[in-house]
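Have a look at the fold before reading on.

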Amino acid sequence: MLFYMHERAFPRGNDPRSGAGTVILFKSPFLPALVLSVELHTHSSLSHDGRDPVELLLGQAEAVGLDALAVTDHDEIDASLEAAELAPEYGLVGIPGMEVTCAVGHVLALGVEELVPAGLPYDETLDRIRQQGGIAVIPHPFQKSRHGVAAYVTDDQLAGADAIEVYNSRLLTGRANRKAERFARARGLSMTAGSDAHISEMVGQAVTDVDADARTSGAILEAVAAGKTSVVGKRTPWRISFRQAAGGAKRRLHRRVDELLGTVRG
Ligand SMILES: [Zn+2]
Ligand SMILES: [Zn+2]
């Protein structure tokens, strides 16, 4: 129990009980940069085609060892805001956002806290996201059947986004992903991955490693827009199930310790 509490006090330099947005980070030029494992594209049951509540998505993100999670429902934001608020309880940084259906297809709005309306022109959608201080990431751009925008915008418009999702784990063949990666490389654009999870088990299938200055949503998105990312791709299933089991047990223990501490503190 004591060992556990010690471990909880210093998980990856951040104490989740200290509240959302609080950073306890020792930075030294002699330490390696802070690389965070981030899941940028997931759907909750608030999406018409999603299944699970945000608690299950957060639980899975914690279990597979992620540092941050964005819930990005189709044209809805309420569950994402809830997830961002709950995230610290799971030792995670919550990134609020949504997947906007603009006039020509899907755009991920990350770091926004107000709904970006559906159906607006592509350029205006990007403007609206940035007006809120968010960043625009183009998911599955070359997958026309899944509302990728590339067929309907110019290359310059596509390159006007803050990042391109070059690995979407829901694509059956790698062709559209490779095309997105080639485009991003040719244009020197930032690259991200997204599991596009519609069920919690898929969370963490495609991870973006982000070289951030701090463990906050703002620092992560700033680093994403600056291209300080690497795309991790698919995690092996056995590892997920192992860590999921371990994570569940750990979380139950956390709750018990918090309860006990609560009792002591009165
Ligand atoms: Zn989509
Ligand atoms: Zn999606």
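Two residues are in contact here if their C-beta atoms, placed from the backbone, lie within 7 Å. Keep in mind that this is a predicted model.

## Around helix α3

Let's start with α3, which spans residues 78-86. Ala79, Ser80, Leu81, Ala83 and Ala84 are its buried residues. So what covers them? The cover includes helix α2 (54-63) along with the strands β2 (68-71), β3 (93-95) and β4 (97-102).

## The five-stranded sheet

Two of those covering strands, β2 and β3, also turn up in an open sheet of 5 strands, ordered β3-β2-β1-β9-β10 with mixed pairing. At the edges sit β3 and β10 (229-233), each pairing on one side only. Ignoring direction, neighbouring strands are turned by 30° against each other on average.

Within the sheet, β1 (residues 34-42) runs parallel to β2, joined by 3 bridges, and Thr42 stands opposite Val71 of β2. Helix α2 lies across β1 and β2, at about 155° to β2. Helix α7 (residues 217-225) packs on the sheet too, touching β1, β2, β3, β9 (207-212) and β10. The direction of α7 makes about 100° with that of β9.

Which strands does β6 pair with? β5 (residues 105-110) pairs with β6 in the antiparallel sense over 3 bridges, with Leu110 opposite Ile135. β7 (residues 163-168) runs parallel to β6, joined by 2 bridges, and there Val137 stands opposite Ala163.

Methods. Residues are numbered from 1 along each chain as its sequence is written. Chains are lettered from A and ligands numbered from 1 in the order in which they are written. This is a predicted model: local features need pLDDT of at least 70, side-chain atom pairs count only at pLDDT 80 or more; totals for chains, interfaces and linings use all residues. A residue is buried if 20 or more other C-beta atoms lie within 10 Å of its own, exposed if 12 or fewer, and partly exposed in between; C-beta atoms are placed from the backbone. Helices (H or I, at least four residues) and strands (E, at least two) are DSSP runs, numbered from the N terminus. Two strands pair if DSSP finds at least two bridges between them. Axes are lines fitted to C-alpha atoms, for helices over the stretch in contact, and angles run from 0 to 180 degrees between N-to-C directions.
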